[in-house]
Amino acid sequence: MNVHAISVTIILARHSGDCSRLYIGFYGGEPLLEFELIKKCVEYAHERCRGKRLYFNLTTNGTVLTREMVEFFDRSDFQLMFSLDGPKEIHDLSRKFASNQGSFEKLIANVRMIRDEFPEYFKNHVVFNTVLNPENGYSCVSDFISGDELLKNSPFLAGIINPVNAKNQKSFSQKFIEEERYEHFLVLLEKIGEIPSERKSPLEAAESAMLEEFRYQKNLSGVTELPEKSHHGGPCVLGSFRMFMNVDGDLFPCEKVCENSEYAKMGNVDEGIDLEQAKRIMNIEKLTQDTCRNCWAYRYCHICVADIDLTYEDPAQSILRRCPDVRGSVEEQFKDYCILKEYGFQY
Ligand code: SF4
């Protein structure tokens, strides 16, 4: 068994204290290429974490999935997340086999196999993640999912390709912006009861849920003045909610950071958490504190170590270039909040 997988399970068991529920996720590359190792990890986690309820999830491109694997995931209470970027002509642009052949057909055949042979598991444990390419349209993906008999009732998460540390930067097409805004508008209409919820895009489900939690997330109730001391809104408390280990045993705050980034590395399974580095990651606003101090979005800013772009010599500059986008998105969230309040939506 992979020695890192043992060590990280020991860290999890030792440091999870009174937590009665633990979540263990497997990401790739393609994690199913190491199915035997995954089985051993699950067995070992149950051994080491007795008395705790364990939940597992795995993100896969679905191409090497077999019945035997699904039986195991069903038995072991795994949530399966399939990466599906849209209809065949879009999905196959970026998700190909080494032969250059697209993987859409194989993925869909395996999803259908689960739906037909494990219907309860499909209903309760299968979700999809869609990476949108903003150079294309939005509706072509959304309409494909809503109209597909296999996919239309499944939960979807959607996001655009993360521009930070991306090899090829993508620009937003006018078509994408207009179509995405329209779908967002439908979500607002749904919230105030003007249209039925089936009218909204499946890709907007997470956005719709976030709108409902906005008041709570932004801690808006009862705030009348700004506190004397405050902390940047971005970084989560390291290792408290999640921790990510790569194949070399290096530890990171989560799976969203760039594994080549020395800024994001917070230790190693053999040596444990590097507290100095952890402090640096949590206090990332120190890099830009003079600007942040005068920023109205300070409390709501979600910039964290994942936003440090390694192509910049100066990490502070790589963060500051993201500020207009961050402030823009916070402003949009507040606009939605005000509009929904005005139209009577009960938060
Ligand atoms: S948007 Fe920029 S300036 Fe404002 S708090 Fe975030 S990092 Fe600081």
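## The shell around the ligand

The residues of the shell around the ligand fall into nine nonpolar, two polar and one charged. Here Ala, Val, Leu, Ile, Met, Phe, Trp, Tyr, Cys and Pro count as nonpolar, Asp, Glu, Lys and Arg as charged, and the others, Gly among them, as polar. This is a predicted model: local features need pLDDT of at least 70, side-chain atom pairs count only at pLDDT 80 or more, and totals for chains, interfaces and linings use all residues. Residues are numbered from 1 along each chain as its sequence is written.

Which residues surround the ligand? They are Thr-288, Thr-291, Cys-292, Cys-295, Ala-297, Tyr-298, Cys-301, Ile-303, Ile-319, Cys-323, Val-326 and Arg-327. A residue is near a molecule if its C-beta atom, placed from the backbone, lies within 6 Å of it. Helix 11 (289–293) and helix 13 (323–342) are the elements that give two or more residues to this shell. Helix 13 supplies the largest share, three residues.

## Overall build

The protein has 13 helices and nine strands. Helices (H or I, at least four residues) and strands (E, at least two) are DSSP runs, numbered from the N terminus.

The C-alpha trace spans about 55 × 50 × 40 Å along its principal axes. A compact globule of 347 residues would have a radius of gyration near 20 Å; the protein has 22 Å, which agrees. That radius is taken over C-alpha atoms, and the globule rule is 2.2 Å times the number of residues to the power 0.38.

## Two domains

The protein is divided into domain 1 (61–217) and domain 2 (222–235 + 284–347). These bounds come from an automatic or database domain assignment. Taken over C-alpha atoms, the domain centres are 27 Å apart.

How many residues of each domain are in contact with the other? Eight residues of domain 1 are in contact with 13 residues of domain 2. Contact means that the C-beta atoms of two residues, placed from the backbone, lie within 7 Å. On the side of domain 1 that touches domain 2, helix 8 (174–191) and helix 9 (205–217) each supply at least two residues. Helix 9 gives the largest share of that side, three residues. By class, that side of domain 1 has five nonpolar, one polar and two charged residues.

## Parallel strands

Strand 1 (residues 21–26) pairs with strand 2 (residues 53–60) in the parallel sense, over six bridges. Two strands pair if DSSP finds at least two bridges between them. Tyr-23 stands opposite Tyr-55 in strand 2. Leu-22 stands opposite Leu-54 in strand 2. In a regular strand the side chains alternate between the two faces of the sheet.

From strand 1 the chain crosses through helix 2 (residues 35–48) to strand 2, in a right-handed β-α-β crossover. Right-handed means that, with the strands pointing away from the viewer, the path from the first strand over the helix to the second runs clockwise. Strand 2 also pairs in the parallel sense with strand 3 (residues 78–83), over five bridges. Phe-56 has Phe-78 in strand 3 as its bridge partner. Strand 2, helix 3 (residues 67–75) and strand 3 make a right-handed β-α-β unit.

Strand 8 (residues 267–268) and strand 9 pair in the antiparallel sense over two bridges. Gly-267 has Ile-273 in strand 9 as its bridge partner.
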